[in-house]
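Subject: Structure for you to look at

Hello,

Here is the structure I said I would pass on.

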Amino acid sequence: MTAPVLFDVPGPKARARARIGTAIGALVVAGIIAFVLVRLARNGQLDPQRWAVLFDPNSGVPQALGEALLATLRVAFVGMVLATVAGLLLAVGRLSDRAWIRAASSTYIEFFRAIPLLVVIFALYFVLPGFGVELSAFTALTGGLVLYNSAVLAEIFRAGILSVDRGQSEAAFGLGMRKSQVMTLVLLPQAVRRMLPVLIAQLVVLLKDSSLGFIIGYFELLRQARSLVEFFSRDFGSTYTFQLYVAAALFYIVVNVLLSQLAKYAEGRTRRSTKAAGTGDAELPVDVQMGGGGGAAPPV
């Protein structure tokens, strides 16, 4: 077992201090939570009758929030798929040997990374109609998410590809593989494993950014919660305001936690598969084993 390089193994005193610090931090957090709960209880916000509206089918709240959740997941899923594909293509374009492809990809990436996402959504929904292009709220929101996040994901993909040891690509080229084969069979599989946590984190950000649809009238979770607050305020004032916004926030938290758990599961699977592959015999692609792809045939 090799010794750690970047830090020393903590001794008994250091571990004791760490435990004391953890206990103090936990007590502080518990105190803050208790303080908040006491204040909410004094204001009547923890009254079960106020929370019952979230589960009463006759109130229409569960149905409305469920539809808003589906609308949020719909725009997030479409945005994730399109942004991931576009980001991968942009990363490959930025690493291209052709100068004009590199220039076009770099211009796109730097331009949309520099512009706030809200400005992009505003431009698609409010500016394009002046040029005769009418977009629905769903299309404008999805388009803004794709344009912005594809530029960010492109840099994540590019960094992951460049992090792979250069000897990997040089060995693949030495075997006679084309650049497209090197990218798809050698570099990308290793790069995806390395950048998977960052990639999932950016997709979680994309999901949360879908709440910007509130600005252009797309009925995602935040917009629907605000609409319900306005509806109930006509007869009940601010009685259910806190509960409705908390319900919308909990939906976001649950979905984001599930995405994070998916990322951990996928990362664990890739690590196990990598270890299993490392303990077994390395197997080259069939065309390389047969001497294809322009490489020399293996000796007999």
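Leucine 141 touches Val75, Ile121, Ser210, Leu212, Gly213, Ile216 and Tyr218, leaving out residues up to four places away in sequence. Please keep in mind that this is a predicted model.

Leu141 is also one of the residues with the most contacts inside the largest nonpolar core, together with Met80, Leu153 and Leu187. That core has 51 residues. Two or more of its residues come from each of α3 (61-94), α4 (99-114), α5 (117-127), α6, α8 and α10 (241-279). The largest share, 14 residues, is given by α8. Another core lies apart from this one; it has eleven residues, including Val61, Ala64, Leu228 and Leu244.

Threonine 142 lies in helix α6. Is threonine 142 buried or exposed? Its relative accessible area is 6%, and the limit for buried is under 20%, so threonine 142 counts as buried. A polar atom of its side chain lies 2.8 Å from the backbone oxygen of phenylalanine 138. Setting aside neighbours within four places in sequence, threonine 142 is in contact with Val75, Val78 and Gly79. Val75 is also on the list of residues that leucine 141 touches.

Glutamine 202 is in helix α8. Its relative accessibility is 13%, so by the cut-off of under 20% glutamine 202 is buried as well. Which side chain does glutamine 202 join in a polar contact? The partner is asparagine 149, and the contact is 2.8 Å. Leu153 is among the residues with the most contacts in the largest nonpolar core.

At least two lining residues come from each of α6 (137-163), α7 (166-174) and α8 (179-209). Which helix supplies the largest share of the lining? That is α8, with four residues. By type, the lining has eight nonpolar residues, one polar and four charged.

Regards

Note on methods:
Residues are numbered from 1 along each chain as its sequence is written. This is a predicted model: local features need pLDDT of at least 70, side-chain atom pairs count only at pLDDT 80 or more; totals for chains, interfaces and linings use all residues. Side-chain values use heavy atoms; hydrogens and water are left out. Ala, Val, Leu, Ile, Met, Phe, Trp, Tyr, Cys and Pro count as nonpolar, Asp, Glu, Lys and Arg as charged, and the others, Gly among them, as polar. A nonpolar core is a set of buried Ala, Val, Leu, Ile, Met, Phe, Trp, Tyr and Cys residues joined through side-chain atoms within 4.5 Å. Buried means under 20% relative accessible area, exposed over 50%, partly exposed in between (1.4 Å probe, protein chains only). Contact means heavy atoms within 4.5 Å. A polar contact is a pair of N or O atoms within 3.5 Å; within protein, one must be able to donate a hydrogen and the other to accept it, and residues adjacent in sequence count only if both atoms are side-chain atoms.
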